[in-house]
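The following exercises ask the reader to work from the sequence and the structure together. Each task is followed by a solution in steps.

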Amino acid sequence: MPALQIAGVDRTFHVAGKLVPALRDISLSLRDGEFVAIVGASGCGKSTLLRLILGLDRPDKGEVRIDGQPVRGPGLDRGIVFQEHRLLPWLTAETNVAAALRRSDLPAAQRRQRVAEYLDLVGLTAFAKAWPAQLSGGMAQRVAIARALVNRPRFLLLDEPLGALDALTRLRLQAELARIVRHGGTTALLVTHDVDEAVFLADRLVVMQPHPGRISDVLTVDPAARRDRSSSAFLRVRDKVLGMLGVETEAVRVGNYETAA
Amino acid sequence: MKLHHGAVRVVAGIAVPLLLLGAWSLTAREGWLPDQILPAPGVVRATLKEFIASGELLDATLISLERVAKGFAAGAVTGLAFGAAIGLSPRLNRLFGPTFLGLAQVPLLAWMPVMILLVGIDEGLKVILIGIASFIPVVLNVAQGFRDVPPALREVGAVLLFDPWSMLTQIVLPAAVPSVFTGLREGLANAWQTVIAVELFASSEGLGYLMSWGRQLFQLDLVLAVVVVLGVIGFALNWGLARVEGRLGRWQVRPA
């Protein structure tokens with residue numbers, strides 16, 4: 001049985017009196033410990049899909065199931081990092097992470113220890129007492145990652161978590177995200193429009209097309225290809241996905257990766 | 001650098017009052033306006049000293065402050081509760097919101113004849129009118145503050161399985177703090193203005209009464225002395241509330 005199963009999901013919204021189909025017949029399964037990335041242009045319903053998995057929204061048709069049980073609402077087994085950090089501005093880095101443990105059964109001493117552990121994991125121990133307004137965008141997003149992970153959720157959902165960061169910070173955090181997710185053995189589902197990021201992080205890529213949001217292709221990434229962003233294997237996967245998304249690259253046209261690399 | 005910045009602010013803030021004081025002195029010295037209408041600053045200062053020494057000014061101030069304290073406390077507490085209720089519950093807002101907005105449009109002094117018939121002209125009248133005056137801005141701002149909690153943050157609470165109590169204390173209340181304080185400050189300013197208005201009309205004690213008494217005796221120096229006291233106290237009350245708000249809003253880190 002798959003850990004997470006999205007089975008024939010449709011979701012339609014009413015926008016200004018019109019019916020806009022956001023998701024059409026989405027089916028996707030995740031195994032435990034797998035890292036899956038969904039790539040697609042904006043408007044393909046990626047975020048809507050994550051909201052359905054979180055239980056913040058319900059599908060019109062089909063079901064989202066965890067271990068075969070339909071999802072009925074949010075749960076601590078699913079952590080999320082949004083594109084904006086969404087830290088509570090009136091809590092420090094530390095208390096923001098601790099807020100995620102309000103519903104946990106851990107005794108107080110262990111909670112403190114757990115918060116410290118995850119701040120350390122994202123490299124922000126020195127900034128435990130800082131307010132979000134004092135942190136850079138990249139640091140705030142790390143706190144948000146620590147908050148999403150502190151309950152040791154079975155599933156980590158990432159909604160374009162690095163999309164609002166500058167290019168350098170994004171590259172650095174991609175490497176950290178890879179380390180952090182593998183460290184906990186979490187099952188991760190990343191939504192992104194950055195194809196490089198998806199190829200670098202994921203075991204499996206899901207390509208979505210917009211209007212209505214639907215899955216067009218699923219492909220497996222060879223772990224060897226992932227290791228080096230400038231290897232021809234990496235570029236081949238990237239260009240293939242870009243081609244599926246309708247972006248032609250020079251290499252795709254020439255059809256020769258050895259010379260392009 | 002910081003000190004320098006602070007000094008500039010103080011000087012800038014004090015410049016206009018000094019200029020007005022200068023214009024006042026000049027007008028009085030040159031006799032552009034009759035003494036009965038605009039007494040010289042020196043005369044007002046002497047009157048102020050005299051009334052402070054006799055204790056009359058202090059008595060009147062304490063009476064007015066006590067009325068403000070009672071009325072504002074009543075208006076703020078009920079305003080916080082009612083504002084929170086219609087801000088949090090769309091159903092309650094649909095039920096009570098329009099009535100409240102309609103009644104809020106009635107000028108405060110228009111309540112006076114009705115209230116005099118209902119409760120007489122004693123202490124109760126003053127406290128009720130001051131209460132209404134503070135209640136209205138508190139309700140308006142508090143309701144707005146509770147309604148405007150960012151949905152993105154509420155969603156965070158939902159994802160973290162916050163119970164209603166955590167949602168309120170961790171997300172809704174902190175987000176509403178700035179609006180709540182705006183309401184309290186407006187309410188307090190209204191209360192302070194209203195106590196004077198009520199005392200001018202219907203009182204035999206307090207700062208407003210002192211003013212109306214001074215006016216009847218054509219002692220404009222006394223009227224102006226009370227004006228000075230009113231300004232200073234109003235400024236101090238507002239400053240005090242701003243300090244409390246600053247403590248609660250430490251997380252709003254401002255650039256140094």
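**Exercise 1.** Among contacts in chain B between residues at least 6 apart in sequence, what percentage join residues at least 24 apart?

*Solution.* The model is predicted: local features need pLDDT of at least 70, side-chain atom pairs count only at pLDDT 80 or more, and totals for chains, interfaces and linings use all residues. Residues are numbered from 1 along each chain as its sequence is written, while chains are lettered from A and ligands numbered from 1 in the order in which they are written.

Step 1. Two residues are in contact if their C-beta atoms, placed from the backbone, lie within 7 Å.
Step 2. Of the contacts in chain B between residues at least 6 apart in sequence, 72% join residues at least 24 apart.

**Exercise 2.** State how many helices and strands chain B has, and describe its extent and burial.

*Solution.* Step 1. Helices (H or I, at least four residues) and strands (E, at least two) are DSSP runs, numbered from the N terminus.
Step 2. Chain B has 10 helices and zero strands.
Step 3. The C-alpha trace of chain B spans about 70 × 60 × 30 Å along its principal axes.
Step 4. A residue is buried if 20 or more other C-beta atoms lie within 10 Å of its own, exposed if 12 or fewer, and partly exposed in between, with C-beta atoms placed from the backbone. Chain B has 256 residues, and buried residues make up 30% of them.

**Exercise 3.** Is Gly145(B) buried or exposed, and which residues does Gly145(B) touch?

*Solution.* Step 1. Gly145(B) is found in helix 6 (residues 123-147) of chain B.
Step 2. There are 23 other C-beta atoms within 10 Å, so Gly145(B) is buried.
Step 3. Leaving aside residues up to four places away in sequence, Gly145(B) touches Gly87(B), Ala176(B), Ser179(B) and Val180(B).

**Exercise 4.** How many residues does the contact take from chain B and from chain A?

*Solution.* Step 1. Chain B gives 16 residues to the contact and chain A gives 17 residues.
Step 2. On the side of chain B that touches chain A, helix 7 (151-159) and helix 8 (164-201) of chain B each supply at least two residues. The largest share, six residues, comes from helix 7 of chain B.
Step 3. The residues of this side of chain B divide into 12 nonpolar, three polar and one charged. Here Ala, Val, Leu, Ile, Met, Phe, Trp, Tyr, Cys and Pro count as nonpolar, Asp, Glu, Lys and Arg as charged, and the others, Gly among them, as polar.

**Exercise 5.** In what order do the strands of the six-stranded open sheet of chain A stand, and which strands are at its edges?

*Solution.* Step 1. Two strands pair if DSSP finds at least two bridges between them.
Step 2. The order of the six strands is 6-7-8-3-9-10 in chain A, with mixed pairing.
Step 3. Strand 6 (78-81) and strand 10 (214-220) of chain A stand at the edges; each has a single partner strand, so one side of each is left without a neighbour in the sheet.
Step 4. Strand 6 and strand 7 of chain A run parallel and are joined by four bridges. In strand 7 of chain A, Leu157(A) is the bridge partner of Ile80(A).

**Exercise 6.** Which residues point each way from strand 8 of chain A, and with which strands does strand 8 of chain A run parallel?

*Solution.* Step 1. In a regular strand the side chains alternate between the two faces of the sheet.
Step 2. From strand 8 of chain A, Thr187(A), Leu189(A) and Val191(A) point one way, and Ala188(A), Leu190(A) and Thr192(A) the other way; all are buried.
Step 3. Strand 3 (residues 35-39) of chain A pairs with strand 8 of chain A in the parallel sense over five bridges, and Phe35(A) has Ala188(A) as its bridge partner.
Step 4. Strand 7 (residues 155-159) of chain A also runs parallel to strand 8 of chain A, joined by five bridges. Here the bridge partner of Leu156(A) is Ala188(A).

**Exercise 7.** What is the strand order of the four-stranded open sheet of chain A?

*Solution.* Step 1. The order is 2-1-4-5, and the pairing is antiparallel.
Step 2. Strand 2 (18-30) and strand 5 (69-70) of chain A stand at the edges with a single partner strand each, so one side of each is left without a neighbour in the sheet.
Step 3. Two bridges join strand 4 (residues 61-66) of chain A to strand 5 of chain A, where Gln69(A) is the bridge partner of Ile66(A).
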